[in-house]
Amino acid sequence: KTVRTVSALWLGQYGDSQAVQPLIEALRQEDDLYFYKEKVNPWNFYRIEDILDTEYTDLYPALAEASALVQINDPDAIKPLIEVATSGNYELGREFAIITLGLMADPQAIKSLIDMVTAGERIASLEEEYKNIASRIQAAIGGKNFYEQWRDLVNQQSKLYSQISELEHKNSPIIRKVAALALGSFNTPEAKEALYSALQDKDFSVIFAAASSLVKLGETSRVNPEWVIEILQNRKGYNEYLIREVRLLGDMKAGEGVKYLKEMLENSKKERNPELEKAIIYALGKIGNEESISILSEALNKNYAYNFDEQTLQSAIVALGELKSSKATEALKGLLWNANYNFQTYSLVISYLKQVDPIKTEQTLLYLVRKNDSSQFKQAAISGLADSDNPEATEFMHASLKDADPQIRYVAVNSLATKVTEPRVQRSFINLLRYDPDPFVRSQVAYGLGGIDDSFYAKAAYIDKDNKADLILYKNYMLICVTNSEEQYRET
């Protein structure tokens with residue numbers, strides 16, 4: 001299994017169309033029941049693009065084969081994929097062929113996907129006809145020519161049963177659901193009509209997939225938010241479906257759902273579930289009304305934010321940052337005063353604040369570096385000021401080259417490297433190259449100086465002549481980084 005998975009992943013990276021046929025043949029034979037035993041089940045995903053956007057692609061051959069075919073994106077793959085999707089021997093192979101067709105979004109696949117999605121409607125119609133015949137058989141009992149009527153009706157019933165069985169075998173609820181998700185990639189009237197039809201399917205997972213695709217296509221008028229809210233209210237405890245339902249409510253921009261999302265966020269304090277918290281935050285950010293902004297802002301205040309893990313906190317920052325409202329901006333600014341976050345969190349806040357007002361953000365950072373003693377904050381502030389022409393910012397970055405914390409010096413070197421053609425920066429860098437005690441700082445300096453020209457080697461050789469061992473290390477490091485040539489490295 002591992003060999004098949006890795007082979008498929010590499011073929012996808014090579015992007016050679018010669019790989020299409022063997023990948024499709026491999027997909028045709030996929031019937032790995034182990035896949036269903038794992039928590040990673042693609043049928044619980046919300047959107048078809050989520051299926052391959054996971055850390056599990058390198059664990060399962062079917063995922064890897066689908067991913068490779070999407071990367072290669074050869075139009076000649078569409079017809080063979082349709083053939084596997086509609087008449088493959090194994091359901092797992094068919095499902096991933098459908099997923100691949102949806103991700104490749106080639107119009108050739110629309111008709112086949114529609115036939116699969118609307119199979120539920122045809123099954124329901126045949127079942128209704130079957131029931132009617134059963135009623136006619138009952139009504140005919142004791143009447144004239146009963147035997148002839150009974151035999152004729154039973155024959156009709158038998159044919160209907162065969163048709164229903166064949167349709168259900170070829171178009172199981174899982175097949176219909178995955179096809180509904182795949183149709184979300186096609187913004188055509190025919191695809192939308194098929195999805196409207198699927199809202200009447202007897203299987204809830206198919207209905208939800210159709211609703212998700214319609215919302216993705218911007219067709220929210222036929223999907224009632226009260227329906228989604230009712231589902232959320234009736235859920236008893238957490239399960240994997242809850243996250244997709246919360247996300248759907250957000251994508252519908254259903255303001256009437258904010259009250260329930262707030263309750264769920266409050267309840268999460270008692271029983272932590274970071275994935276659910278991130279989904280609620282995503283939904284509130286998508287809704288984006290005043291009430292949801294207030295909830296997100298409150299979630300970032302000092303008393304509440306400590307309860308979030310760092311990734312969930314970053315989700316809240318993204319949700320508020322995308323809204324770009326004045327209230328959201330103030331809530332983000334408040335995080336910069338706190339000394340308990342990591343570099344990525346501070347950097348995310350700074351990037352959103354710079355989008356709103358870059359000059360004011362620079363002033364805020366230059367003020368706060370004197371107030372916030374967190375090393376992580378200072379590193380983020382230095383990175384955030386890297387593109388600034390403000391003399392005060394430049395002085396701060398040069399002063400940071402002498403900081404006692406090697407991580408701060410490292411980030412300062414990285415930020416000043418964009419100005420390495422300036423004589424002052426060159427002098428500071430060469431001085432660090434000679435005297436800085438931290439090898440990672442020195443290596444970053446060497447990389448930064450490599451951006452000048454080949455004369456750097458002569459300058460470094462002269463200045464650092466007392467440290468020949470280190471000089472050779474820097475020169476070799478430079479040759480690998482700048483030329484990416486192992487041959488030149490060996491010659492040196």
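Me: At what angle do helix α27 (residues 423-435) and helix α28 (residues 439-449) pack?

Reply: At about 140 degrees, with their axes 9 Å apart. Axes are lines fitted to C-alpha atoms, for helices over the stretch in contact, and angles run from 0 to 180 degrees between N-to-C directions. This is a predicted model: local features need pLDDT of at least 70, side-chain atom pairs count only at pLDDT 80 or more, and totals for chains, interfaces and linings use all residues. Residues are numbered from 1 along each chain as its sequence is written, and side-chain values use heavy atoms, without hydrogens or water.

Me: Why are α27 and α28 called oblique to each other?

Reply: Set their angle of about 140 degrees against the classes: under 35 degrees is roughly parallel, over 145 roughly antiparallel, 65 to 115 roughly perpendicular, and the rest oblique. α27 and α28 are therefore oblique. Their crossing is left-handed (the near helix is turned anticlockwise from the far one by less than a right angle; clockwise would be right-handed).

Me: Which residues of α27 and α28 meet?

Reply: From α27 come Gln426, Phe429, Ile430, Leu432 and Leu433. From α28 come Arg442, Val445, Ala446, Gly448 and Leu449. Contact means heavy atoms within 4.5 Å. By class, the residues of this contact are seven nonpolar, two polar and one charged. Nonpolar covers Ala, Val, Leu, Ile, Met, Phe, Trp, Tyr, Cys and Pro; charged covers Asp, Glu, Lys and Arg; the others, Gly among them, are polar.

Me: What makes α17 and α18 oblique to each other?

Reply: Helix α17 (residues 274-287) and helix α18 (residues 290-299) pack at about 140 degrees, with axes 8 Å apart. That angle makes α17 and α18 oblique, therefore. α17 passes α18 in a left-handed crossing. Ile281, Leu284, Gly285 and Ile287 of α17 make the contact with Ser292, Ile295 and Leu296 of α18. The contact of α17 with α18 has five nonpolar, two polar and no charged residues.

Me: How do you know that α7 is largely enclosed by the rest of the structure?

Reply: Twelve of its 14 residues are buried, so α7 is largely enclosed. Buried means under 20% relative accessible area, exposed over 50%, and partly exposed in between (1.4 Å probe, protein chains only). Among the buried residues of α7 are Arg94, Glu95, Phe96 and Met104.

Me: How does the span of helix α7 (residues 91-104) agree with its 14 residues?

Reply: At 1.5 Å a residue, α7 should span 20 Å, and its end C-alpha atoms are 20 Å apart, so the two agree. The expected span is 1.5 Å times one less than the number of residues.

Me: Why does Gln157 count as buried?

Reply: Its relative accessible area is 13%, so Gln157 is buried. Gln157 is in helix α10 (residues 146-170). Leaving aside neighbours within four places in sequence, Gln157 is in contact with Tyr130, Ile133, Ala134 and Ile137.

Me: What is the phi of Ala105?

Reply: Near 55 degrees, a positive value in a residue other than glycine. Most residues other than glycine have a negative phi. Ala105 lies in the loop between α7 and α8 (110-117). At 32% relative accessible area, Ala105 is partly exposed.

Me: Why does Lys324 count as partly exposed?

Reply: Its relative accessibility is 42%, so Lys324 counts as partly exposed. Lys324 too is not a glycine, and has a positive phi of about 55 degrees.

Terms used: Helices (H or I, at least four residues) and strands (E, at least two) are DSSP runs, numbered from the N terminus.
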